[in-house]
Each structure stands twice: as C-alpha cells, then as structure tokens.
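Here's a quick tour of how the pieces of this fold sit against each other. Have the viewer open while you read.

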Amino acid sequence: MILIVDSGSTKTGWHTVRNGTAISHTMTSGLNPYFQPEEDIAHCIASEAIPRLHVDTNAFRAVYFYGAGCVYDRVAVMRRAIARSMPTAAIEVNTDLLGAARALCGREAGIACILGTGSNSCFYDGRQIVRNVSPLGFILGDEGSGANMGKHLIGNLMKDMMPSGLKEKFLRQYGMTLPEIIDRVYCQPYPNRFLASFSPFILQNVSEPSVRKLVLDCFKSFFVRNVSKYDFRRHKVHFAGSIAFHFRDILKEAARRSGFRIGLVVDSPVDGLIAFHSHP
C-alpha cells in the first residue's frame, strides 16, 4: 500500500492506494514547509491526517508527498515530519509542480501549470522539470492564482474601480471593514490564503463584466509572464488546480486570445498521480 499526498497552501489531500486503486482519502489544512515549522507539520499529520485515514501506518511501503514549498532544504523538513508518523515507509518529497507535471503529462513532455491559491508553471521532459519560471509569490507574481485575483478584486473595490453595487454586496457578504482587510493582508499570517478566499465571490459574480475582465486579465498575464517562456508552439498547456478548473472557460478564452493551446484542465492531480505511481 502507498500513500499519495497532494498539498497546496490551503488544503492537503491524503490518498491511500492499493494495487492502483484508491481505498481511502481525507483532507487537512495546507502544509507548506516554507512557512510552517517542522513541529507544526508533524502535529497536523499525527493529529489530523493519520486518525482520519483509519489505516495502520506501518502498512505503507512508500509515501509520495507533493507540496507547495517543498524546495531545497525544506524537503528534509517535510521528510522528517512525515517520518515521525510513518517511520517504516520510504518517503519521497517533491514539489507540487512536479506532482502536477507527472499527473498531467505522465511520461511525455509538456507544459504543466498550477492555478490554485498560488500559481506555478514548468516545462517537463517526461522525467523531470527542465525549466521553471519562478512564480515569485503573490506579492511579486502568482499571476492567475486565487490570491492574485483576490488582491486585484480588493484593490479595485476599495479604489471604487468597480460598480458600487458590487462593493456593497461584497461588504455585506463578508462583513469586513477596510481597516480589517488591511490588517489581514499586512499584519496577519497567510495573507495569500486570505486573498484567495475571495475566489468564490469572484466566481459567483463572474458574469458581471468588470469581474469577468479581471479574471481574463489575470489569466492573460499568467500566459504572457510565464507560459510564453516555454516551447508553447510545439506543446499544449495543461492545468491543475481549483482556479483553473472552475474558471476554465475564461482560461481557454485567455489562451486563445494569447495564442496558446490548452490540453488537460483538472481540479486535482490525484487521479493522474495514482496512475503514474501504479504503472511505473
């Protein structure tokens, strides 16, 4: 039995797999070793994930963890945190971007992207990521992500660059004042999650022209500032993530307008990862 874990900044999916078939799964909060200490990650695994899976952790022969922030020295942090609860398993820790590439492209070359709370992209040669335009995070980059859209939405609403009725609707729905929003963004932890939490509001109101234009512009910026750096004339562009999936019609329009060809668009990479690890 193996455990496949797909973790973003907001949520983490835990999937137990036997002979190529998922037998149980659960969700916990996002785990990101770039922002969270090892103790907090280990506690979440032990207190949230393991009890909900209802399996003996000694039964896992391997754990494949794909997560945001799993780069450089942070890989060791995540591996140690997992090993506390699963000491007998072989543990492989990779970036969420490699997970998306393996799920979307399998063992073929292609362009793989993530559009969720954050965004990322790469060119994958069928074995490994060979080029990656740095996403730079939600302050300097993360174009097309939930956090990026949320940042533009808040800025436009508070600068009265959208219909007044939409601003009133937003304030009624969330019950927050401008000072409270500023505090959450600049003074509280996980501002990217906070900004991305407004993506349901964006989706609810996407038929409003100014909101639709915001989404379209964010996607066009993602293509121009990220995907254009890869060999997009020879390869389709594949996407994983909730933002890509729920706004896929506008994503396809942005691609068409910018000269890119869309391939797969999936909410979660888990099915592709199960297939990848079940048929080596």
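What follows covers strand pairing first, then helix packing.

This is a predicted model, in which local features need pLDDT of at least 70 and side-chain atom pairs count only at pLDDT 80 or more, while totals for chains, interfaces and linings use all residues. Residues are numbered from 1 along each chain as its sequence is written, and side-chain values use heavy atoms, with hydrogens and water left out. Helices (H or I, at least four residues) and strands (E, at least two) are DSSP runs, numbered from the N terminus.

**The five-stranded sheet**

- Five strands form an open sheet in the order β8-β7-β6-β9-β10, with mixed pairing; two strands pair if DSSP finds at least two bridges between them.
- At the edges sit β8 (129-131) and β10 (262-266), each pairing on one side only.
- From one strand to the next, the twist averages 35°.
- Within this sheet, β6 (residues 110-115) and β7 (residues 119-124) pair in the antiparallel sense over six bridges, and C113 stands opposite S121 in β7.
- Helix α3 (residues 96-105) packs on the sheet and touches β6, β7, β8, β9 (237-240) and β10; contact means heavy atoms within 4.5 Å.
- The direction of α3 makes about 125° with that of β6 (axes are lines fitted to C-alpha atoms, for helices over the stretch in contact, and angles run from 0 to 180 degrees between N-to-C directions).

**A parallel strand pair**

- β4 (residues 62-67) and β5 (residues 90-95) pair in the parallel sense over six bridges.
- V63 has I91 as its bridge partner in β5.

**α10 against α12**

- Helix α10 (residues 209-225) and helix α12 (residues 248-258) pack at about 55°, with axes 9 Å apart.
- That angle makes α10 oblique to α12 (under 35 degrees counts as roughly parallel, over 145 as roughly antiparallel, 65 to 115 as roughly perpendicular and the rest as oblique).
- On the α10 side, the contact is made by R212, V215, L216, F219, K220 and F223, and on the α12 side by I250, L251, E253, A254, A255, R257 and S258.
- By class, that contact has eight nonpolar, one polar and four charged residues (Ala, Val, Leu, Ile, Met, Phe, Trp, Tyr, Cys and Pro count as nonpolar, Asp, Glu, Lys and Arg as charged, and the others, Gly among them, as polar).

**α5 against α6**

- Helix α5 (residues 146-158) and helix α6 (residues 164-174) pack at about 115°, with axes 10 Å apart.
- L153, I154, L157 and M158 of α5 meet L166, K167, F170 and L171 of α6.
- This contact has seven nonpolar, no polar and one charged residues.
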